[in-house]
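Have the viewer open as you read.

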Amino acid sequence: MNSSRLKFYFSPMSTASVTQAVLAELGVDCETITLDISAGDTRTPAFLKVNPNGRVPVIVHEGVVIWESSAITMYLGELHGVVAGLYPASGPARGQAMKWLTWSSATLAEAAARLSASIPSATAGAVQENSVDWVAPENLRILNDELETKRFLLGDNYSLVDTHLYIMVGWILSMDIDASLIPNIAPWLERCGTRPALVALHAG
Ligand SMILES: N[C@@H](CCC(=O)N[C@@H](CS)C(=O)NCC(=O)O)C(=O)O
C-alpha cells in the first residue's frame, strides 16, 4: 500500500462534493472511501476516530487528518494549486482566496443550512415565508456584487475558489432562490461549469 496516497472520505450529495471537485480539478490521485450518511457511516466509532465531528469531507495525507472543507481546499491549493496556476502564492491574493473560502463554509453554508432546514422535506422546492431573505439578500448578493466586475472570484482567471464556491452555490440555488436578485451569479456558474473536471463530475 502506498501510504503517501491521499485518502478521501466522501459521501454523495454532501459538502464532500466540494472536495471531490477540488481533487478532480487538481487531478490528485486518491483513495476514495464512500460513506453512507443515512446508514450511519459517519457515526461509527471507527469514523469518529478519524473525524470526531462525524462529518465529511475528510482527507488524510501523509498520516495527517484534515477536516473542514475550506481548510482542505486551502491545503490542497497550497500543495498542488499554486504550481497549477489554480491557487495564489502566499501574499495578498492568497488572503483574498482564504477570505472567500472561509466565508463560504462559515457564513454562506450556515445561512444555507438554515434555509434548507426551513424547507419542509415533504414539499420539494417549497420555501417558508421569509426564508429566502436569510440567504439571497444578505449572502448571495455579496457574491453577486463581487462578480459585477469580475469574471471569476479572484479576477480574470479561474481558481480553486471558484471550484469550491461553484459547488456550494449550486446546492443553494437548488433551493428555489429568486435568481433575478442575483443576476451575476448564473453567468459565473456557466463560466465555471465549462471546466472539464466539473463537466466530468456532472456526467458521472
Ligand atoms: N463545516 C463542515 C461541514 C461538513 C458537513 O456538514 N458535512 C455533513 C454532510 S453535508 C456530514 O458529513 N454529515 C454527517 C452526519 O450528519 O452524520 C465542512 O465544511 O466540511
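The notes below go through helix pairs, then the pocket, then the backbone.

This is a predicted model, in which local features need pLDDT of at least 70 and side-chain atom pairs count only at pLDDT 80 or more, while totals for chains, interfaces and linings use all residues. Residues are numbered from 1 along each chain as its sequence is written, and side-chain values use heavy atoms, with hydrogens and water left out.

**Helix α6 with its partners**

- Helix α6 (residues 160-173) packs against helix α7 (residues 185-193) at about 125 degrees, with the axes 10 Å apart; axes are lines fitted to C-alpha atoms over the stretch in contact, and angles run from 0 to 180 degrees between N-to-C directions.
- Helices here are DSSP runs of H or I with at least four residues, and strands are runs of E with at least two, numbered from the N terminus.
- The pair α6 and α7 is therefore oblique, a class left over once angles under 35 degrees (roughly parallel), over 145 (roughly antiparallel) and 65 to 115 (roughly perpendicular) are set aside.
- On the α6 side, D162, L165, Y166, V169 and L173 meet I185, W188, L189, C192 and G193 of α7, where contact means heavy atoms within 4.5 Å.
- α1 also packs with α6, at an angle of about 145 degrees and with the axes 9 Å apart.
- That contact uses S17, V18, A21, V22, E25 and L26 from α1, and L160, T163, H164, I167 and M168 from α6.

**The largest pocket**

- The largest pocket has a volume of about 1,200 Å³; on a 1 Å grid over the protein atoms alone, a pocket is an open set of points where a 1.4 Å probe fits, with protein on both sides within 12 Å along at least five of seven lines.
- Of its 33 lining residues, M13, S14, T15, M168 and W171 are the closest to the centre, lining meaning an atom within 4 Å of a point.
- Two or more lining residues come from each of α1 (16-26), α4 (92-118), α6 and α8 (196-203), and α6 gives the largest share, 5 residues.

**Backbone details**

- M13 has a positive phi near 55 degrees although M13 is not glycine, and M13 sits in the loop between β1 (6-10) and α1.
- V56 and P57 are joined by a cis peptide bond with omega of about 10 degrees.
- P57 belongs to the loop between α2 (45-50) and β3 (58-61).

Key: Grid points are joined across faces, edges and corners, and a volume is the space filled by probe spheres set on the points.
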